[in-house]
Amino acid sequence: MIPLLLIIVAVIVIAALILRYYPPLGARASKEKRLRFEQSPQYDKQKRKFVNQIPTSMSMNAKEGTDLLKQYIKGNPRKRPPKPLQLAPLRLHATENKSSEPKVTWFGHSAALLELDGVMLLLDPMLGRAPSPVPFIGGKRYSEPMSGVIDSLPAIDAIIMSHDHYDHLDYGSIQRLKGKVGHFIVPLGVGSHFERWGISPDRIHEFDWWSEYTFRGLALACTPARHFSGRSVNDRNSTLWCSWVIKGQGASVFFSGDSGYGPHFAEIGKKYGPFDLTLMECGQYNERWAAIHMMPEQTVQAHLDVQGSVLIPIHWAGFTLALHDWTDPVERAVRSAKERDVQICTPRIGQTVRINADSYPNSPWWKE
């Protein structure tokens, strides 16, 4: 009896130490920051949590939960590529000419490098092996290791984050990137993770929905999304999630972050549209959690709602986080875009795309 008790105590102590001292789990906001949260219309003071604009449930009844478990156990042989995805030859460089053409380079899932008016912005730079607090545990990335990408990146003016989930905010990636990044532009609360990871507070800028910010001549706006947050035990919705409006002289870009479909897209389009390019979430969906992740057809509709010109589907070709075929997101999005006369761009991972070009890459490379 005593040895069993000692084992239980040891497990509890180890778990407590991990939660307190393991850096990838991030950090909770300070008391001073939480007082600032209370000024946000998105913050529920009684629950001490951030909330969505409209009711957003992720709960399942017993039958739905059982059916989902059966599907996960059964698996899907097409849930990931049969071999690692190859990166396109990287064309990354420092931009000195402020009138240079705007470009975007997608690295799979939601990570992208945006070059706009000579400013380098890195969006949700999850460039690690797996979306997990323990990198050797969890679904491995589809593509080749991204260490070469990180080494090839030029100096980054700012990292822009949509929220703190592991498939978007990766401790290992930030540790390797932080020496070449000037600033970190994030939604409320996410800055606490960066502070724990050794980044000085004066380089971190936190924003609420509908907040506007001028950065190096670019007009940024932190805009709503329909999602949730959290990366540790009992911290769900303790930080805010968002989308981003990024406007420069050369182009206007909308970055959706993660989001279920909702009226916020039309609101964003009315206030900030039109957009030359949208980077719109498309992947890791299921009818059971449609409130927080759009179906591909909704991705196309959201693009229309924000008044986008060219659509690049993101949040796919990186990791398996849902039950669908790995190519299902892009194939459904392409089909829906064609039906609705929407111009869609499907670059290879690592391929640089000029914004406002006469033509865009749209080959079905995933079938090769």
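This is a predicted model: local features need pLDDT of at least 70, side-chain atom pairs count only at pLDDT 80 or more; totals for chains, interfaces and linings use all residues.

The mean pLDDT of the protein chain is 92, and 93% of its residues get to 70 or more.

**Confidence**
- Helix H1 (residues 2-21) has the lowest mean pLDDT among the elements, at 64.
- At the other end, strand S11 (residues 243-247) has the highest, at 99.

**Nonpolar cores**
- The largest nonpolar core has 76 residues, and Phe-107, Leu-121, Phe-194, Trp-244 and Ile-246 touch the most other members.
- Strand S5 (residues 119-123) gives the most to this core, with 5 residues.
- Leaving out residues up to four places away in sequence, Phe-107 touches a list of residues including Leu-90, Leu-122, Met-146 and Ile-349.
- In soluble globular proteins, nonpolar side chains tend to be buried together.

- The buried residues of helix H8 (residues 296-305) are Pro-296, Thr-299, Val-300, Ala-302, His-303 and Asp-305.
- They pack against helix H7 (264-272), strand S13 (275-281), strand S14 (308-314) and helix H9 (328-339).
- Gln-307 sits in the loop between H8 and S14, and Gln-307 is partly exposed, with a relative accessible area of 37%.

**A buried loop residue**
- Ser-110 is in the loop between strand S3 (103-106) and strand S4 (112-116).
- Is Ser-110 buried or exposed? Its relative accessibility is 2%, so Ser-110 counts as buried, because the cut-off for buried is under 20%.
- Beyond neighbours within four places in sequence, the contacts of Ser-110 include Asp-124, His-168, Asp-258 and His-315.

**The largest pocket**
- Its volume is about 500 Å³.
- The lining has 23 residues, and His-165, Phe-228, Ile-292, His-293 and Leu-321 lie nearest the centre.
- By type, the lining residues split into 10 nonpolar, 8 polar and 5 charged.

- Most residues other than glycine have a negative phi, and most peptide bonds are trans.
- Asn-234 is not a glycine, yet has a positive phi of about 60°; Asn-234 is exposed, with a relative accessible area of 63%.
- Gln-307 is not a glycine either, and has a positive phi of about 70°.
- The peptide bond from Gly-273 to Pro-274 is cis, with omega near 0°, and Pro-274 is in the loop between H7 and S13.

Technical notes:
Residues are numbered from 1 along each chain as its sequence is written. Side-chain values use heavy atoms; hydrogens and water are left out. pLDDT is the predictor's confidence in each residue, from 0 to 100. Helices (H or I, at least four residues) and strands (E, at least two) are DSSP runs, numbered from the N terminus. Buried means under 20% relative accessible area, exposed over 50%, partly exposed in between (1.4 Å probe, protein chains only). Contact means heavy atoms within 4.5 Å. A nonpolar core is a set of buried Ala, Val, Leu, Ile, Met, Phe, Trp, Tyr and Cys residues joined through side-chain atoms within 4.5 Å. On a 1 Å grid over the protein atoms alone, a cavity is a set of points where a 1.4 Å probe fits but cannot get out, and a pocket is an open set with protein on both sides within 12 Å along at least five of seven lines; lining residues have an atom within 4 Å of a point. Grid points are joined across faces, edges and corners, and a volume is the space filled by probe spheres set on the points. Ala, Val, Leu, Ile, Met, Phe, Trp, Tyr, Cys and Pro count as nonpolar, Asp, Glu, Lys and Arg as charged, and the others, Gly among them, as polar.
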